[in-house]
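Hi,

Here is the structure I promised to pass on.

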Amino acid sequence: MHSIRIALTTGIAAALLVTAIGVAGAASAQDAAKADEGAIKYRQSLMESVGGDMASISNIMKYGLPLTGNLVVHAESLAAHAKLVSTAFERKVTAGQTDAEPAIWAKADEFKEKTKAFETETAKLVEVAKTSDPAALGVQMKATGKACGGCHDNFRKPKEESFKRKGGGGE
Amino acid sequence: MKRARSAGIAALTAAIAALLAAASARAGDGAAQRGRAVLEAAGGCTCHSDVKGGGGPLAGGRAMKTPFGVFYSTNITPDPETGIGRWSDSEFVRAMREGLAPDGHAYFPVFPYPSFTGMGDEDVLAMKAYLFSLAPVRRENRPHDAWPPFSWRIAASAWRWMFFEPRRFAPDPARTPEWNRGAYLVEAVAHCGECHTPRTLPGALDRSRWLAGSKDGPEGELAPNLTPDADTGIGLWTKTDIAWFLKTGQLPDGDDTEGLMKEVIEHGYGHLPESDLQAIAAYLHSLPPVRNDALAEHEHGHEHGDESAE
């Protein structure tokens with residue numbers, strides 16, 4: 001009788017343990033999936049932020065708005081956000097709703113160069129924005145735009161392959 | 001793999017800038033000077049530059065991937081052997097406006113003569129004067145790599161006979177001069193429709209969906225809907241947005257444009273005077289909105305039925 005009780009207890013304990021491990025495993029897989037998803041969402045919202053500041057500067061310029069004092073704030077915001085790009089792409093996530101090219105991690109050095117170029121151009125943009133010289137600002141905005149394009153060229157999927165196309169998550 | 005194209009853009013930019021700088025020194029006379037502006041209004045003719053493949057600017061050989069096969073652009077530098085150096089004025093005009101080579105054979109419509117046919121002779125000749133002021137580059141043209149029947153030279157003649165009619169741009173007296181200037185630029189010189197208008201199965205522009213976006217632009221690129229449809233087109237863009245975009249390549253949301261559009265802005269439209277950019281914007285705003293989501297995935301028979309395939 002006693003041995004049966006021991007066996008039963010051991011069995012239940014073992015079963016509980018197995019279940020616990022299983023749950024933990026499932027939970028950690030779930031955590032990983034969630035972290036992947038979050039990494040994608042974050043880097044995309046970071047990009048939307050820099051897009052927003054670029055658009056704000058352009059709107060002041062193209063409509064000739066009397067808000068030139070705001071230009072420096074947007075430029076500083078861009079420069080600050082540029083410094084976040086490298087951490088935003090630390091976690092390698094290539095599957096899911098993303099337009100990031102695997103080359104970001106396969107050619108990490110080249111990607112890093114593009115990140116640096118973006119930091120450099122936005123830092124220059126801050127200096128130019130302080131001078132309130134519209135022609136110089138135009139030139140530096142162009143250079144900043146090239147820093148965006150220089151990275152997107154090889155590290156962001158083109159429209160044809162974007163996950164945003166209806167019915168397709170790309171390849 | 002399409003991304004490979006972009007690797008060459010930086011090199012292309014540098015090479016063309018150098019070339020244009022060299023040329024502007026030589027292009028002292030007025031016609032060539034004006035011709036440079038016309039060439040820029042035409043997007044800089046970057047399709048004729050295969051810098052990525054080691055060819056010189058405008059020396060041809062760039063692969064243009066189309067649904068009908070791969071076509072290679074031709075050498076339009078004034079080299080007498082491999083380029084257009086021996087062409088007379090009338091031969092150049094005939095090629096641009098009628099799609100016929102000096103030896104009489106018809107071009108495939110990857111060369112956008114169905115748009116250039118609208119150009120005025122003075123603009124065409126100014127463009128020639130400018131091209132002839134550039135340094136000749138020796139580079140043999142490469143045969144196309146298209147699928148039958150598009151690989152047959154006779155197909156180009158048949159196509160031309162069936163789908164082409166020489167038609168000079170005629171201003172609409174009921175419209176403003178600004179609108180007419182915009183129409184002339186978009187429809188003829190800048191040939192926006194060649195990329196942004198969907199094509200019918202035989203590869204003719206589907207004029208019932210003029211500028212409504214194409215899934216199979218050159219090099220397999222997707223060219224968005226430019227009609228003022230609020231959902232699928234650029235209906236929410238202001239004229240100022242459009243002019244700014246054509247000057248800088250920057251979209252209203254701050255994003256940048258890529259691929260072929262970036263090239264034609266950088267070497268072409270971006271140099272147009274503000275009045276021309278505004279004219280293009282005014283013309284685009286006047287178009288009837290067409291609902292066509294070029295971003296939607298490829299369906300079977302890409303030439304029709306976008307509206308119903310939502």
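A quick word on terms before the details: a residue counts as buried under 20% relative accessible area, as exposed over 50%, and as partly exposed in between. Please also keep in mind that this is a predicted model.

Over all chains, the structure holds 25 salt bridges. Here are the ones I looked at.

Let me begin between the chains. K62(A) and D241(B) pair through their side chains, with N to O at 2.8 Å. K62(A) is buried at 15% relative accessibility, and D241(B) is buried at 8%.

Another salt bridge brings together E266(B) and K146(A), at 3.7 Å from N to O. This pair also crosses between chains, running from helix α10 (residues 259-267) of chain B to helix α6 (residues 134-155) of chain A. K146(A) has 46% relative accessibility, so it counts as partly exposed.

Within chain B, D50(B) and R139(B) form a salt bridge whose closest N and O atoms are 3.5 Å apart. The two residues are 89 residues apart: D50(B) is in the loop between α2 (30-41) and β1 (63-66), and R139(B) is in the loop between α5 (121-132) and β3 (145-146). D50(B) is buried, at 10% relative accessible area, while R139(B) is partly exposed, at 23%.

Finally, R156(A), D255(B) and E258(B) belong to one network, joined by salt bridges that share partners.

Best wishes

Technical notes: Residues are numbered from 1 along each chain as its sequence is written. Chains are lettered from A and ligands numbered from 1 in the order in which they are written. This is a predicted model: local features need pLDDT of at least 70, side-chain atom pairs count only at pLDDT 80 or more; totals for chains, interfaces and linings use all residues. Side-chain values use heavy atoms; hydrogens and water are left out. A salt bridge is a side-chain nitrogen of Lys or Arg within 4 Å of a carboxyl oxygen of Asp or Glu. Buried means under 20% relative accessible area, exposed over 50%, partly exposed in between (1.4 Å probe, protein chains only). Helices (H or I, at least four residues) and strands (E, at least two) are DSSP runs, numbered from the N terminus.
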